[in-house]
Amino acid sequence: MKIMVPVKRVVDHHVKARVKADGSGVELDNVKMALNPFCEIAVEQAIRLKESGEATEVVAVSVGDQKCQEQLRTALAMGADKAIHVEADNVSDSLLVAKLLAKLVEREKPRLLILGKQAIDSDNNQTGQMLAALTGMAQGTFASDIQIDAEQLTVTREIDGGLQTLRLTLPAVVTTDLRLNEPRYASLPNIMKAKRKPLEKITAGDLGVSLESKLKVLAVESPPERQAGIKVGSVGELVHKLKTEAKVI
Amino acid sequence: MTTLVIAEHDNKELKGATLNALAAATKIGADIDLLVMGVDCATVVTAAQNVSGVSRVLVADHGCYGEQLAENVALLVAELGVDYRHVLAPATTHGKNVMPRVAALLDVSQISEIIDVLSVDTFKRPIYAGNAIATVQSDDRVKVITVRCSSFDAVAQADSVSASVVVLPQQHDAGLSVFVSASLAVSDRPELTDAKVVISGGRGLQNGDNFSLIYAVADKLNAAVGASRAAVDAGFVPNDMQVGQTGKIVSPDLYIAVGISGAIQHLAGMKDSKVIVAINNDEEAPIFQIADYGLVADLFTALPELESVL
Ligand SMILES: Cc1cc2nc3c(=O)[nH]c(=O)nc-3n(C[C@H](O)[C@H](O)[C@H](O)COP(=O)(O)OP(=O)(O)OC[C@H]3O[C@@H](n4cnc5c(N)ncnc54)[C@H](O)[C@@H]3O)c2cc1C
Ligand SMILES: Nc1ncnc2c1ncn2[C@@H]1O[C@H](COP(=O)(O)O)[C@@H](O)[C@H]1O
């Protein structure tokens, strides 16, 4: 079974994003970039399925500019077998990403696709579900556990009320939630080995997908800043202030 | 020009999140149809008819929609959606699961988690864990949108039935997925996303048993109980209690963070609360930078004391 894992390059999750002074977007110059944390979990899951003998090959894919090859190398260093870089500039519209990925699915014919549930830059939470629709596959979003047998996938999902378990027909799309696994760090020897693993580059044009988006970002602004309030000296003082000053209890 | 809103329900009860999504629909300004997909969901339909601002309630009451599986319901919403200008759902896990599938079937982009409606085609939404707010404009013929519930005040429920009911015969069963089981939290406490007061615990609580200290205070305040990701990951409490960028978004009148450091991802889920209290024994904890009232104290003495004076 071949598994495809789409991964996104994003601002590192430790960095607090800052809006550019001209309101055109978020400052990305000299900002630490990383593999989207949910994509790390996706790569980890795919590798575990390979290690347990359920998968034969793990293909990592990223849509983006030249620099996203760094994140593909990270996926390779974690244990993916090969990588595909789809060169494209604007990847903020998940529909376009899903369309590109759907074309690659036609070509690569994976039996399982594992994506992150959400890119922590756009906070879209769309691509996996869109990809499932475009390929006519079942979807198991926000997964905290997956089990595979021959024709089916059992997935446990984190939902607002608790957990839900579904059985999906393969091929299927899964998106990861935080509790699915704890991703490994790539070891130095594996980082070295990853440099020699195959990385194919293609363009959106090669896949016959137009990159025109119907979504326009008109402006990006900072949210209202919250100011630090006061420190209270005791529980008694806290309760008194909440009753008489804030009037919330 | 009409707007279609997807009702959130469990076949018995219309969920409050629907009323927040309807508020966003009201701001868009067109007539509103509310779609109820489920099985044996007559009580939901009656409740839906009573919601102010709804012109028609569309009802698809069929076995194939019983568990509201994305593969099945998306086919119906996409089929209906072509005749609407806007299709909205609350940004619950259900809305997040289904709506992008609908959007792709309609070949349109999706606008996730809007926090404001500026015009029929222009919306505001948070990005980067709420550290930036984007104003986005859509040229798509149908705008598929999820609504951040905490940003829109619920529309009212009227006493008398006003909306008419349209029964839909379509039964779409994609045959791709089957419901196996659910394990849902049962609690008499207020819902995290509706509560006026929320008290959350973090890694500082050390284990699940110690959350009883949080629950004791919650009982006094009629508060909902939340948690940080660290507390959920460590197994202290279940996943549905996670507040944050990738959990639930809350904006109560009072939010009390106990033993929570204040990571960007946690703040994203609670920084629109009216009043924030932080209890933490590390005076450098980042949570104090956004707290209205900070108490530097050991939670194991502060929580019992708080319970006793309330
Ligand atoms: C992709 C991604 C998504 C994420 N999504 C979320 C999310 O949705 N929600 C979320 O919360 N986090 C999320 N996180 C995790 C986030 O980055 C932090 O790791 C997490 O919020 C930390 O939880 P915490 O504050 O409980 O733990 P810590 O950061 O370990 O803080 C514990 C705090 O407890 C205090 N403390 C310890 N003992 C005591 C005591 N006896 N009395 C008083 N105070 C005490 C300490 O001083 C410390 O400040 C996400 C991270 C990633 C990478
Ligand atoms: N540019 C991209 N290249 C590859 N995969 C992506 C890209 N954007 C999003 N994805 C995948 O889709 C998931 C969800 O992203 P999003 O829908 O943008 O929140 C990510 O975790 C990735 O697995």
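Residues are numbered from 1 along each chain as its sequence is written, while chains are lettered from A and ligands numbered from 1 in the order in which they are written. In this predicted model local features need pLDDT of at least 70, side-chain atom pairs count only at pLDDT 80 or more, and totals for chains, interfaces and linings use all residues; side-chain values use heavy atoms, with hydrogens and water left out.

**Stop 1: ligand 2**

Select ligand 2 and the residues around it, where a residue counts as near if one of its heavy atoms lies within 4 Å. There are 20 such residues, and the closest are Pro6(A), Val63(A), Ala119(A), Asn125(A) and Thr127(A).

Next, display the polar contacts (pairs of N or O atoms within 3.5 Å; within protein, one must be able to donate a hydrogen and the other to accept it, and residues adjacent in sequence count only if both atoms are side-chain atoms). A polar backbone atom of Pro6(A) is 2.7 Å from an oxygen atom of ligand 2. Gln126(A) also places a polar backbone atom 2.8 Å from an oxygen atom of the ligand. At Val63(A), a backbone N or O atom lies 2.8 Å from a nitrogen atom of ligand 2. The protein buries 99% of the 480 Å² that ligand 2 exposes when taken alone (accessible areas by the Shrake-Rupley method with a 1.4 Å probe; for residues, only the protein chains shown count as cover).

S4(A) gives the most, with three residues.

Ligand 2 sits in the largest cavity. On a 1 Å grid over the protein atoms alone, a cavity is a set of points where a 1.4 Å probe fits but cannot get out, and a pocket is an open set with protein on both sides within 12 Å along at least five of seven lines; lining residues have an atom within 4 Å of a point. A molecule sits in either if more than half of its atoms lie within 2 Å of its grid points.

**Stop 2: ligand 1**

Move to ligand 1, with 29 residues around it; Arg203(B), Ser228(B), Gln242(B), Thr246(B) and Ser261(B) come nearest.

Gly259(B) has a polar backbone atom 3.0 Å from an oxygen atom of ligand 1, and a backbone N or O atom of Gln245(B) lies 3.3 Å from an oxygen atom of the ligand. For a side-chain contact, select Asp298(B): one of its polar side-chain atoms is 3.0 Å from a nitrogen atom of ligand 1. On its own ligand 1 has 990 Å² of accessible area, of which the protein covers 85%. The space taken by ligand 1 is the second largest pocket.

**Stop 3**

Select the open sheet of four strands in the order S12(A)-S8(B)-S7(B)-S6(B), with antiparallel pairing (two strands pair if DSSP finds at least two bridges between them). Antiparallel strands S7 (residues 122-127) and S8 (residues 132-138) of chain B are joined by six bridges. Lys124(B) has Thr135(B) in S8(B) as its bridge partner.

**Stop 4: two backbone details**

Go to the loop between strands S9 (162-169) and S10 (172-176) of chain A, where Pro171(A) is found. The peptide bond joining Leu170(A) and Pro171(A) is cis, with omega about 0 degrees.

Finish at Lys247(A), in the segment after helix H6 (235-244) of chain A. Lys247(A) is not a glycine, yet its phi is positive, about 55 degrees.
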